[in-house]
Every structure is written in structure tokens, then in C-alpha cells.
Amino acid sequence: MALVSRCCARAARSSSSSSLRLSQPVVYAPARRWNSTTAATNPKVSGIVDQISGLTLMETADLVSLLKSRLNIPDVALQSFSAGPAIAAPAAAVEEEAAAEPVQEKTMFNIKLVSFNPGAKPKIIKEVKSLLGLSLVDSKKFVESVPKMLKEGLVKEEAEKIQKVLNDLGAVAALE
């Protein structure tokens, strides 16, 4: 560390002026995009791209709205992936697919604690405690916040067994 500071001190002393100055101003090149290609393009198109890249956000929004109106492009709302396809299939194709696919029976079930008999509350709290492995306080809070999902992703036999136990204790449990 001392060696570095001595070298820097010597370099500072050996310079003729008291402050370090660059002989030429630093010119920064425009930032290039990572892995950009410099393929030969039409000079007219590259000029338009250069002009668009110089626009502000508000000017770009105005450009988009002007292009939509001039080219008669409708405003289309973005759909989420769970919303389904953007274009509906013809009715005949839908009927063929429905006839070709066999009805699949549900194999995984969720148990939802819907309600309970107030007199059976202590028994239900103990059962929820043993099913979920919660503390007594957490089990009490869980039972008092019904309707709530009790267990998820169970096979049919296990879900029906838990539902029967809860129903026998005085709770209303639903399979979903």
C-alpha cells in the first residue's frame, strides 16, 4: 500500500503543472446495444430508425397514435395468458374437439372448511391441529377464519376420508 502511494506521489510531483489536465476533451461514442448486428440496410430505413431513436417518450406515444390512425390499426387490449385465445375457433371445430376428447375424471382434490357448529369448535380445532401440524393458537385462528382452504392436492380417497371426519365432528367441509 505504501509503495502505491509513493508511486502516485512521485507521478504527481513529476508533472509540470499542479493539476492534471487532459490535452484533448474526452468524446464518448454513442452506446451500442449488446450483440447488435451491423447488417447492410436501406439508408432510408436507417435514417428513420435514427430519427425515432432520438424521440422522447411523449413524442414516441404521439407517433404511435398517429401511425395507428393513419394506417387504420385498431387498439387491441393485451390479454393475459389465462384469458384464452384471442380469436375464437369456428363452432364446428369446437364440437369435433369436444366429441374426440373423453371426459377426464378429476384426480386431485382440495378440501375447504366452509363452516362449523359452534358447539363442536374445540374438536374441530384439535382436528385441524393434527391435520396441518399447526400450534393450538394457529389452529384456533385458522378455524375462526372460515371459509378457508384446509388441504390441497389430495387424492380422492384421502380427501373423502378427511371430509367425513370433519363432517362427523360438526363442520361443513367441501371438496373442490
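Colleague: Which residues does Ser139 touch, not counting residues up to four places away in sequence?

Modeller: In this predicted model, Ser139 touches Ile125, Val128, Lys129 and Leu134. The criterion for such a contact is heavy atoms within 4.5 Å. The place of Ser139 itself is in helix 6, residues 136-144.

Colleague: What makes Ser139 count as buried?

Modeller: The relative accessible area of Ser139 is 0%. Buried means under 20%, and therefore Ser139 is called buried.

Colleague: How do helix 5 and helix 6 pack, in terms of angle and of distance between their axes?

Modeller: Helix 5, residues 121-132, packs with helix 6 at an angle of about 115°, and the axes are 9 Å apart. The crossing of helix 5 and helix 6 is right-handed. On the side of helix 5 the contact is made by Lys121, Ile124, Ile125, Val128, Lys129 and Leu132. Helix 6 contributes Leu136, Ser139, Lys140, Phe142, Val143 and Glu144.

Colleague: Into how many nonpolar, polar and charged residues does the contact of helix 5 with helix 6 divide?

Modeller: Seven residues of this contact are nonpolar, one is polar and four are charged.

Colleague: Let us turn to the sheet. What is the order of its strands, and is the pairing parallel or antiparallel?

Modeller: The three strands form an open sheet with the order 2-1-3, and their pairing is antiparallel.

Colleague: Why are strand 2 and strand 3 said to stand at the edges?

Modeller: Strand 2 (148-155) and strand 3 (171-175) each have a single partner strand, so one side of each is left without a neighbour in the sheet. Neighbouring strands of this sheet are turned by 25° against each other on average, with direction ignored.

Colleague: How do you know that strand 1 and strand 2 pair?

Modeller: Strand 1, residues 108-116, and strand 2 pair in the antiparallel sense over five bridges. Within strand 2, Lys151 is the bridge partner of Ile111, and Lys148 stands opposite Leu113.

Colleague: Why is Gln163 called buried?

Modeller: Gln163 lies in helix 7 and has a relative accessible area of 19%. The cut-off for buried is under 20%, so Gln163 is classed as buried. Leaving aside neighbours within four places in sequence, Gln163 is in contact with Ile111, Ala173, Ala174 and Leu175.

Colleague: Finally, how many helices and strands are there in the chain, and what share of its residues is buried?

Modeller: The chain has seven helices and three strands, which run α-α-α-α-β-α-α-β-α-β from the N terminus on. Of its 176 residues, 11% are buried. The chain exposes about 15,000 Å², and carbon and sulfur atoms supply 60% of that area.

Technical notes:
Residues numbered from 1 in each chain as written. Predicted model: local features only at pLDDT ≥ 70, side-chain atom pairs only at ≥ 80, totals over all residues. Heavy atoms only, no water. Helix = DSSP H or I, 4+ residues; strand = E, 2+ residues; numbered from the N terminus. Buried < 20%, exposed > 50% of the residue type's maximum accessible area, 1.4 Å probe, protein only. Axes fitted to C-alpha atoms, helices over the stretch in contact; angles between N-to-C directions. Left-handed = near helix turned anticlockwise from the far one by under 90°. Nonpolar A, V, L, I, M, F, W, Y, C, P; charged D, E, K, R; others polar. Areas by Shrake-Rupley, 256 points an atom, 1.4 Å probe, with all protein chains shown as cover. Pairing = 2+ DSSP bridges.
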